[in-house]
Amino acid sequence: MNRIILLLTSAAAVFAQQPCENLTKLALPGVTITAATPVAAGSFTPPGARATALKVPAFCRVAGFVKPEVNFEVWLPANWNHKFLMVGNGGLAGTISYAAMPAPLISGYATSSTDTGHVSDNDAHWAQGHMERVIDYAHRGVHVTAQASKAVIQNFYGAAPTHSYFNGCSNGGEEAMAEAQRYPADFDGIIAGDPANYYTHLQMGAHLWITQTLENNPDAYIPSAKTKVLGDAVMAACDALDGIKDGILNDPRRCHFDPSVLLCKNGDAPDCLTAPQVETARKIYQGVRTETSGQIFPGIIPGSEGGQGGWGTWITGTGPGRGSHTTLGMPFMRNIAFEDPNWDFRTFRWERNQGIDSDVDFIDAKLGPIFNNMNPDLKAFQARGGKMIQYHGWADPDISPVNSVNYFDSVQNTMGDSKNFYRLFMVPGMYHCNGGPGPNTFDTLGALEQWAEQGKPPAQIVATHSTNGAVDRTRPLCPYPQEAQWKGSGSTDLADNFSCALPK
């Protein structure tokens with residue numbers, strides 16, 4: 001009987017589907033539909049300078065904006081799977097995430113994305129004098145896009161989606177956390193990858209701290225050519241701690257690496273670190289701690305120093321001031337936090353002095369309530385039957401993975417065991433959202449679907465690593481605090497030879 005009802009419902013939804021062009025006449029409060037264009041099945045090139053042509057099914061491409069200026073697109077496949085998936089943004093947003101939209105569209109999802117209410121200028125000048133844009137970027141833009149997308153879906157198909165999902169990493173992970181905590185009715189399934197949810201402290205305690213550490217003293221800068229030397233020393237010291245020498249640290253918190261082992265004996269050389277460079281590495285690992293505020297943000301933990309997408313991308317860059325911590329963090333600090341494009345990072349006041357607030361206090365008071373999504377009380381999301389999968393690369397050189405562990409622990413302390421609706425998967429050897437020496441490709445959406453739709457929580461998620469397009473390693477990702485442990489026989493490159501268990 002249930003199957004018959006499902007078939008009738010599906011037939012009714014297809015029957016009710018209206019011409020794409022009619023959506024330009026759709027009247028929604030505060031929403032303007034600017035275009036509704038049918039796209040034929042075949043080759044389609046998404047907007048973007050690096051976009052390549054893809055084979056797509058027939059779909060209706062809808063563009064619009066929510067007042068005051070939150071631009072969005074919804075792609076509506078002719079052969080709909082009756083589900084909705086919204087994809088998140090990266091960095092300072094400012095563009096619709098076109099690159100992430102084709103894959104779910106091809107799978108039958110009605111798919112949407114937003115620019116979060118501003119146009120990217122790579123330096124956050126858009127925020128000057130526009131607090132409404134800051135709020136839209138921080139959390140409102142995704143929320144109103146979710147609402148508008150569902151309304152468009154309802155009007156186009158004549159039916160609401162049976163399930164609504166959100167998938168984002170980095171800033172998209174922060175958006176995911178905002179949805180679960182601030183707007184728990186928007187989605188019944190959420191994927192939060194490497195989330196920037198302690199946003200103000202990430203900006204201060206990672207982006208700014210690393211910028212100051214590398215640039216306050218010219219002798220302290222570590223050339224990117226030396227990051228491999230540092231990474232090799234970390235692996236030599238810690239790779240075998242998990243029982244396998246495989247270039248991956250199962251839990252880098254066990255690696256108590258001292259960079260002074262690389263101290264140059266006779267002046268500077270390519271295979272060692274000078275005393276100022278040793279101190280730089282030590283500061284980056286430790287993170288910043290103040291007398292008045294304590295640990296501002298966890299440090300970058302060992303394991304991401306040498307590979308492509310590691311320290312050479314995020315920390316050292318190709319030269320001073322060119323690492324992504326600086327290129328992402330300084331625009332925020334100048335144009336959003338201090339609203340002064342000429343602000344000098346060297347002037348930041350870490351400590352309170354004679355009762356006067358520090359800049360940490362100032363930014364937290366001004367922007368913390370807008371940006372930070374650290375509320376461990378997820379009861380409203382849980383009560384609606386929501387399911388959330390959070391993941392984080394253990395070798396993330398951008399957002400310390402310890403931040404995800406800290407948030408997970410805070411939820412457990414507040415709500416008790418959350419495994420019936422919220423699970424964290426740590427990814428050994430993965431850099432920021434992808435890449436790294438560990439298995440870093442995995443299907444969180446499939447796992448979320450099984451959990452939300454079939455009541456099957458993920459006991460593990462198998463991840464793969466590829467070289468030149470060929471899979472050369474698989475391994476299970478385990479619900480934290482479990483981790484993948486080798487059974488003692490068989491190849492350590494095959495997931496079947498591992499089991500999930502609590503660390504010994």
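Predicted model: local features only at pLDDT ≥ 70, side-chain atom pairs only at ≥ 80, totals over all residues.
Ala, Val, Leu, Ile, Met, Phe, Trp, Tyr, Cys and Pro count as nonpolar, Asp, Glu, Lys and Arg as charged, and the others, Gly among them, as polar. Residues are numbered from 1 along each chain as its sequence is written, and side-chain values use heavy atoms, with hydrogens and water left out.

- On a 1 Å grid over the protein atoms alone, a cavity is a set of points where a 1.4 Å probe fits but cannot get out, and a pocket is an open set with protein on both sides within 12 Å along at least five of seven lines; lining residues have an atom within 4 Å of a point.
- The second largest pocket has a volume of about 390 Å³ (the space filled by probe spheres set on the points, with grid points joined across faces, edges and corners).
- Its lining has 18 residues, and Pro47, Gly48, Ile96, Tyr98 and Ala99 lie nearest the centre of the pocket.
- By class, the lining of this second largest pocket has eleven nonpolar, six polar and one charged.
- There are five cavities of 30 Å³ or more in the structure, and the largest cavity holds about 50 Å³ of space.
- Around the largest cavity you will find Cys238, Leu241, Asp242, Leu249, Asn250, Asp251, Pro252, Arg254 and Cys255, which divide into five nonpolar, one polar and three charged.

**Helices H3 and H4**

- Helices are DSSP runs (H or I, at least four residues), numbered from the N terminus.
- The axes of H3 (residues 131-157) and H4 (residues 171-182) come within 9 Å and cross at roughly 65°, so H3 is roughly perpendicular to H4 (65 to 115 degrees).
- Axes are lines fitted to C-alpha atoms, for helices over the stretch in contact, with angles from 0 to 180 degrees between N-to-C directions.
- On the H3 side, Tyr137, Ala138, His139, Val142 and His143 meet Asn171, Glu174, Glu175, Ala178, Glu179 and Arg182 in H4 (contact means heavy atoms within 4.5 Å).
- These contact residues divide into four nonpolar, three polar and four charged.

**Helices H5 and H7**

- The axes of H5 (residues 199-215) and H7 (residues 275-286) come within 10 Å and cross at roughly 175°, so H5 is roughly antiparallel to H7 (over 145 degrees).
- Trp209, Ile210, Thr213 and Leu214 of H5 make the contact with Thr280, Lys283 and Ile284 of H7.

Notes: Helix = DSSP H or I, 4+ residues; strand = E, 2+ residues; numbered from the N terminus. Parallel < 35°, antiparallel > 145°, perpendicular 65-115°, else oblique.
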